[in-house]
Amino acid sequence: MTEWPAIADHGLIGDLRTCALVSTTGTVNWFCAPRFDSPSIFGALLDPEEGGCWVLAPDGEVSRTQQFYFPNSAVLITRFLTPTA
């Protein structure tokens with residue numbers, strides 16, 4: 001990844017015991033489990049080289065992404081727009 005996403009390009013997901021930060025590029029850059037005060041599993045938010053992350057994104061070119069919460073909910077939606085779709 002050439003450019004790392006800014007903190008403003010992340011959404012928060014969680015289950016009242018733990019949470020994760022998901023970027024608009026489809027990476028989970030911060031996640032502690034099984035509780036908020038547990039050591040991080042993915043810590044790329046603090047150290048992009050060694051912190052680790054998990055990526056869910058389409059294979060190939062992405063022309064644009066959108067990330068938003070579904071209205072009146074805590075459901076985070078991340079859309080990947082490709083040249084063919």
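How much accessible surface does the chain have, and what share of that surface belongs to carbon and sulfur atoms? I looked this up first, in what is a predicted model, and found that the accessible surface comes to about 6000 Å², with 58% of it belonging to carbon and sulfur atoms.

Next I went through the overall make-up of the chain. I counted 0 helices and 7 strands, and I noted that of the 85 residues 24% count as buried. The C-alpha atoms fill a box of roughly 40 × 35 × 20 Å along the principal axes. Among contacts with a separation of 6 or more, I found that 29% are between residues 24 or more positions apart. For the charges, I noted 4 positive and 9 negative ones, whose mean positions lie 15 Å apart.

I then checked the record: an unreviewed UniProt entry annotates residues 5-80 as "domain: Trehalase-like N-terminal". In the model this span is 0% helix and 42% strand, and its end C-alpha atoms lie 15 Å apart.

Last, I turned to Thr82, which sits in the segment after strand 7 (76-81). Leaving aside neighbours within four places in sequence, I found Thr82 in contact with Pro58, Glu61 and Ser63.

Notes: Residues numbered from 1 in each chain as written. Predicted model: local features only at pLDDT ≥ 70, side-chain atom pairs only at ≥ 80, totals over all residues. Heavy atoms only, no water. UniProt positions renumbered as here; feature names shortened; annotations may be inferred. Helix = DSSP H or I, 4+ residues; strand = E, 2+ residues; numbered from the N terminus. Contact = heavy atoms within 4.5 Å. Buried < 20%, exposed > 50% of the residue type's maximum accessible area, 1.4 Å probe, protein only. Areas by Shrake-Rupley, 256 points an atom, 1.4 Å probe, with all protein chains shown as cover. Lys, Arg positive; Asp, Glu negative; His and termini not counted. Charge placed at Lys NZ, Arg CZ, Asp CG, Glu CD.
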